[in-house]
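Hello,

Here is the structure I promised to send over. Could you have a look when you get a moment?

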Amino acid sequence: MMKRSIISTALIGALTLSAIAPAAQACTRILWKTQDHGTFVTRTMDWSEQTHPHLMNFPAGSSYLTHSEKSNKVTSKYDVTGLTTYGFITDGVNSKGLSGNVLYDGEMDLAVKSSNKNGSLTYLRNMLSQYQSVNEVVAAINEGAPSIEFVEGVPIRIALHISFQDTTGDSAIVEWRNGKPQVWHGKQYTVMTNQPGYAQHLANVERSKRGWGEKDKQWSQTNLGTGGNTNPEDRFIHATYFSGHLTEPSSVINGILKLDSTSFKIPHDAPNKMINGKMAGYATEYSVNRHLDSGETVVRYQWGDAFNQVQYNVKEIQKSGENIAFDISKPGLSGNITQTVINNAR
C-alpha cells in the first residue's frame with residue numbers, strides 16, 4: 001500500500017468541514033446497458049489534490065487484509081483490477097465482470113463502535129475479490145456495515161458510498177446510515193453522485209422531470225431545473241438527463257466516448273467554498289470509462305503537468321497473472337498501455 005505522510009491544508013480543511021456541511025469533494029458514476037454492445041460504466045474522480053492513482057492487479061489466489069488495521073487475512077477468489085486513491089481500490093472490476101466505484105458521501109454513518117473485520121476503505125476490493133455478481137454482493141451487504149478506516153496522514157475519516165454493477169446491467173447503490181446499509185438494487189439505478197442521500201436525488205429527478213416535457217420534444221433550451229453548478233444534486237440531474245438521450249453506440253469505443261461525454265467534469269480552479277477565510281476548490285482529477293464485457297478501459301488523467309489519455313484491457317492484464325502497481329498519473333502516457341503495464345511488472 002502506498003504510504004501517505006503529507007496532506008494539503010486545504011484538503012484537511014475541506015474534509016473537516018464536511019462533517020458539518022456538504023462535502024467539498026465530488027464524483028459522478030453513470031451506468032449504461034445497451035441493446036447490442038453490452039454494458040458500460042463511467043466515473044469521475046473529483047478531489048482537492050492530486051491522489052497519484054495506481055493501476056493495480058491482484059490475481060486470484062492473492063492474500064489480503066480486509067481491514068488495514070486488523071489481521072483478518074483472506075484469499076481472493078477472483079482477479080481484481082482497479083485504480084487506487086491513497087493506496088485503496090476506489091474503482092475496480094473482477095474477472096467475472098463485477099465492477100464497483102467508491103464515491104464520496106459526507107453523510108455516511110458507520111456507527112463508530114462497529115467491530116466488523118471488513119474496513120470501509122478496503123471494502124470494495126474485498127467485495128470484488130469474493131463475489132461475482134450484484135445479486136451476490138447485495139446478499140452479502142446485510143452481514144453488517146464495515147468499520148471505519150483512516151488514511152495515513154489524514155486525521156479524520158473519509159466518508160463514502162459505493163456503486164456495484166455487472167455485465168447484465170444490474171446495479172446496486174449502497175449507503176450507510178446509523179450503522180446499517182441502505183441499498184437501491186435494480187437496473188434503473190444508473191446514476192450516483194454524492195450527498196445528500198440517494199432517496200433525495202431520486203426525488204429531485206422526479207421533480208425536475210415535470211419541467212422537461214416529452215422526451216422527443218426536449219432540446220438545447222430545455223430547462224433541467226438545476227439551481228447551482230458543480231454540486232452533487234445538480235450533477236445527478238445533469239447525468240440523468242443526458243445519459244437518458246444516448247442512442248445505441250456503433251462500437252465499444254463509440255460507447256465509451258458517448259458515456260464519458262455525459263458526466264460533468266469539474267473545471268480546475270472552479271470556486272467551491274470558503275474555508276478558513278479562503279476560497280477552496282476541487283477538480284476532476286481523472287475519469288474512468290469501462291466496457292464490462294470486453295474489459296476495454298479508457299482513462300483520462302488531468303492534473304498538474306499530466307494530461308494523459310490511455311487505453312488498456314482489463315481481461316488481458318488479468319490473464320497475465322501478474323501483480324501490478326503502475327502509476328497512471330505519470331506525465332506523457334498515451335495510447336494503448338496494456339502491454340506496457342504487464343511488462344512493467346515482469
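Below are some notes on a strand and a pocket.

This is a predicted model, in which local features need pLDDT of at least 70 and side-chain atom pairs count only at pLDDT 80 or more, while totals for chains, interfaces and linings use all residues. Residues are numbered from 1 along each chain as its sequence is written, and side-chain values use heavy atoms, with hydrogens and water left out.

Five of its five residues are buried, so E3 is largely enclosed by the rest of the structure; buried means under 20% relative accessible area with a 1.4 Å probe, protein chains only. His54, Met56 and Phe58 point one way from E3, and Leu55 and Asn57 the other way.

E3 pairs antiparallel with E18 (residues 324-327) over four bridges, where pairing takes at least two DSSP bridges. Four bridges also join E3 to E6 (residues 80-85), again antiparallel. Leu55 stands opposite Phe326 in E18 and has Leu83 as its bridge partner in E6.

Now the largest pocket: 26 residues line it, and Gln188, Thr190, Lys209, Thr240 and Ser243 lie nearest its centre. A pocket here is an open set of points on a 1 Å grid over the protein atoms alone where a 1.4 Å probe fits, with protein on both sides within 12 Å along at least five of seven lines; lining residues have an atom within 4 Å of a point. Helix H4 (198-209) is among the elements that supply at least two lining residues, and its five are the largest share.

Best wishes

Conventions. Buried < 20%, exposed > 50% of the residue type's maximum accessible area, 1.4 Å probe, protein only.
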